[in-house]
Amino acid sequence: MTLLESLKKYTTVVADTGDIDAIARHRPQDATTNPSLLFHAAQMPAYQHLVEEAAGLALESGGGHADMAEEFIDRLFVLFGCEILKVVPGRVSTEVAASLSFGTAATIAKAQKLISLYEKKGVARERILIKIASTWEGIRAAELLEKEGIHCNLTLLFSFAQAVACAEAAVTLISPFVGRIYDWYKKERGGAEIPSDQDPGVASVTRIYNFYKKFGYKTQVMGASFRNMNQIVRLAGCDLLTISPELLDQLEKTEGVVERTLDPVKAQAIKEERLHLDEKTFRWMHNEDAMATEKLAEGIRKFNSDARHLEEYALSQVTQKVA
């Protein structure tokens, strides 16, 4: 048995890529994308027909170049999502622009538009997760979207405060970033590797998982952003884990048996108090976590930068069509 086969006994495996061939090869349940992954996938010759189709649809929509570029990105996300859903039995996560992270109304409007585009393609909303940054405004948007039957994946999650607020908002799924948490603490400690049994990213996801299971929250936990196989193995039993093709390859090529570490039954024994967070308490609690404060801000900037690259690419495609 391989580590990947063993892991799938306890955890839903999600492919963290826009490369449809890689997804088909590893047979995950779900897949997730972001602007950076989509930008790289769009450069591949195999997906040029999707780029052409998105550019054509953007051109039909009219407006200025910036409007058409935005339309191109929306269409490209949906076209890739539809292709991915042909090879995964579950769901695909489609991201709302990071530039909307502090606007509740704008996030809701973009999510509704993406779902509408999917539904016009014959894809039911149950198969889509709208990916939103775990800001206070993003969580509030997700809370309202969930009431409309639009399921949300709250990303860039680093603090316990974010996790609690997401659970109270009854969002479908959260994506705590294991690797980026690890990176921050490693840098703080002068660059030395942290022993695997002290990994702060693994510890963060473990705490969130146990809290959710103890208090019966329906929100699922999907560990994300892994640096090595050991981080993945130590979270066996987590609801979902989203893993890059490179690490999926390693897990598939390594023989062995994964022992379950996260378990809803064991979670009942943890010593945690139930929390209720209003906006003021959320902001204070999140602000007290230096790592989470820095990594959330950095993550939004990075996702926005990736989106700008995709936007420049979109403008070039639309401009070629106009010419």
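Leaving aside its neighbours within four places in sequence, which residues is Cys238 in contact with? Select Cys238 in this predicted model and show its contacts: Tyr10, Thr11, Thr12, Val205, Tyr209, Val221, Gly223 and Leu262. Cys238 sits in the loop between helix H11 (229–233) and strand S8 (240–243). Its relative accessible area is 0%, so Cys238 is buried. Now pick Thr11.

Next, select helix H8 (residues 160–168) and helix H14 (residues 279–287). Their axes come within 8 Å and cross at roughly 150 degrees. That angle is over 145, so H8 runs roughly antiparallel to H14. Show side chains here. From H8, Phe160, Ala161, Gln162 and Ala165 meet Phe282, Met285 and His286 of H14. By class, the residues of this contact are 5 nonpolar, 2 polar and no charged.

Move on to the largest pocket. Its space is about 510 Å³. Centre the view on Asp16, Asn34, Leu37, Arg180 and Ser225, which lie nearest its centre among 25 lining residues. Helix H3 (35–42), S8, helix H12 (245–253) and helix H15 (290–322) each give at least two residues to this lining. The lining holds 9 nonpolar, 9 polar and 7 charged residues.

Last stop: the second largest pocket, with a volume of about 240 Å³. Select Glu70, Ile73, Ala97, Lys110 and Arg308, the nearest to its centre of 16 lining residues. Helix H5 (65–85) and H15 each contribute at least two. Here the lining has 9 nonpolar, 1 polar and 6 charged residues.

Definitions and conventions
Residues numbered from 1 in each chain as written. Predicted model: local features only at pLDDT ≥ 70, side-chain atom pairs only at ≥ 80, totals over all residues. Heavy atoms only, no water. Helix = DSSP H or I, 4+ residues; strand = E, 2+ residues; numbered from the N terminus. Buried < 20%, exposed > 50% of the residue type's maximum accessible area, 1.4 Å probe, protein only. Contact = heavy atoms within 4.5 Å. Axes fitted to C-alpha atoms, helices over the stretch in contact; angles between N-to-C directions. Parallel < 35°, antiparallel > 145°, perpendicular 65-115°, else oblique. Nonpolar A, V, L, I, M, F, W, Y, C, P; charged D, E, K, R; others polar. 1 Å grid on protein atoms, 1.4 Å probe; cavity = no way out; pocket = protein on both sides within 12 Å on 5 of 7 lines; lining within 4 Å. Points joined across faces, edges and corners; volume = space filled by probe spheres on them.
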